[in-house]
Amino acid sequence: MRMINFGVIGFGTVGSGVVKLFLENQKEIQKRLNFNLNLKKIADPIMKSKEGVEVPQSILTPDAYDIINDPEIDIVVELVGGKTIAKNFIIDAFKNKKHVVTANKALLSEFGYEIFIEASKANCFLGFEASVGGVIPVIRTIKESLAGDKIESIYGIMNGTCNYILTKMVEERKDFKEALLDAQKKGYAEADPTLDIDGIDAAHKLAILTSLAFGTNVNFKDIYYEGIRDITNLDMDFAADFDYTIKLLGIAKDNGDCIEAKVHPTLIPKDHPLSSVRLEYNAIFVKGIGCGPMLLYGKGAGMMPTASAVLGDIIDCARHIVTNSIGAIPNRGYLDSNLQDKQIRFINEIVSKFYIRLMVVDRPGVLASISGILGKKGISIESVVQKGRAENGEGVPLVIFTHETREKELREALKEIESADYCLGKPLILRIEDNI
Ligand code: HSE
């Protein structure tokens, strides 16, 4: 039987997960294959077996190029992460006509254009299922299962850390800092949680999904993103009073002439399936003209779920090698020559309903002034709530739900409101998605 060899670069959490799953499940995997799949080498400077993942010393090497330059290795699995050496490893692997599997969302969302071109030039497979939503097979679903469909929109809970924090804030009344600490203790959030809580990680993933879904090339740098640092328990309460949940969503919409691609905390109806996605779980809600609404749900991170997605790509690639069908499914779903540049709508031009939370002095005339400023900009108010009463010039939270309005006018109105003497502190705005 033919042998397909793969090598793993990076024996960290995901790398050791891939090796562990492959070794533990090898018999079952082999039953599905008409060739032998073999792990030939693992490259990592540390050159040590991980606890619970024992491998022969003979397959360990400190040098990634022992894999990239090995003529017997067919598939290079890049799991070092980052945007510098990982990029060199992948490009050099393609130059050696090796197929690549990676989980590297930061790299693909910024340098995907260049990397996919190199893959095409070499007629090589590039698998990246694990780069979005961990084990959730969203890349394969978009590229293969929905190959006959037209995707209209995607709404995704794509960052488990943020979803965990928001869940703890709602369910256990933790404040943001406590919930973040809890996420860090559980190992979901890094010591420096910026990438997760500021929406950057979700924007990386959204750039990849938007490109695939709409046959274009969206760079992470073109995506508007906001994180969850400013959300308070009070916002959760106000949202709940109006039957909404607050979730950090990656949103992509095809508007025909242009697309929307943005990440921000969003109020969504409490009874929408995405509202029931709790803790560190991810979920991607896709709407297409044929498939209608569809929800993909699962573990978006972690050693073994991510390893499962990586191993699925390795097997997929190996099957294409033995059937001589590399390229039958284009790496980006669309043929390179048919990818189109699409304009991303600037955030200020996007129309939506808004939640505005202000801290204002509790005195007569304040609400009239605010509604006057909003009215001048053509912004119509749906509801207003004030919680509590205050004396001696102290602030009270005032929340306004608007009807649909363009963000530009809303921001201009808020600037004026913010400069009024009754406005204490910076207003918070959150976008509402009623018709997901
Ligand atoms: N840090 C990410 C998350 C997982 O919290 O979802 C890796 O993409």
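Select Arg140 and Asp316 to begin: in this predicted model the two side chains form a salt bridge, with their closest N and O atoms 3.5 Å apart. The pair links distant parts of the chain, since Arg140 belongs to helix α6 (residues 138-145) and Asp316 to helix α12 (residues 303-322), 176 residues apart. If you extend the search to the whole structure, 41 salt bridges are found.

Next, colour the chain by domain. Domain 1 is made of two segments, 3-132 and 303-338, while domain 2 covers 138-299 and domain 3 covers 348-432.

Now show domain 2 together with domain 3, whose centres, taken over C-alpha atoms, are separated by 26 Å. The contact draws 19 residues from domain 2 and 15 residues from domain 3. Between them the two domains bury about 1,600 Å², of which 67% lies on carbon and sulfur atoms. To see where much of the domain 2 contribution comes from, select Phe238, Phe242 and Leu267, which supply 38% of the area that domain 2 buries against domain 3, more than any other three residues.

Domain 2 and domain 3 are joined by 2 salt bridges. Select also Arg357 and Asp235, which form a salt bridge whose closest N and O atoms are 2.6 Å apart.

Which elements supply the side of domain 2 that touches domain 3? Select α11 (233-241), β9 (244-254) and β10 (259-269), each of which supplies at least two residues of that side. The largest share, 6 residues, comes from β10. Coloured by residue class, this side of domain 2 divides into 9 nonpolar, 3 polar and 7 charged residues.

For the last stop, switch to a cartoon view and find the open sheet of 6 strands, which has the order β3-β2-β1-β4-β5-β6 with parallel pairing. At its edges stand β3 (60-61) and β6 (126-127), and because each has a single partner strand, one side of each is left without a neighbour in the sheet. Finish by selecting Ala43 and Thr61, where Ala43 stands opposite Thr61 in β3.

Technical notes:
Residues numbered from 1 in each chain as written. Predicted model: local features only at pLDDT ≥ 70, side-chain atom pairs only at ≥ 80, totals over all residues. Heavy atoms only, no water. Domains from an automatic or database assignment. Contact = heavy atoms within 4.5 Å. Buried area = accessible area lost by both parts, 1.4 Å probe. Salt bridge = Lys/Arg side-chain N within 4 Å of Asp/Glu carboxyl O. Helix = DSSP H or I, 4+ residues; strand = E, 2+ residues; numbered from the N terminus. Nonpolar A, V, L, I, M, F, W, Y, C, P; charged D, E, K, R; others polar. Pairing = 2+ DSSP bridges.
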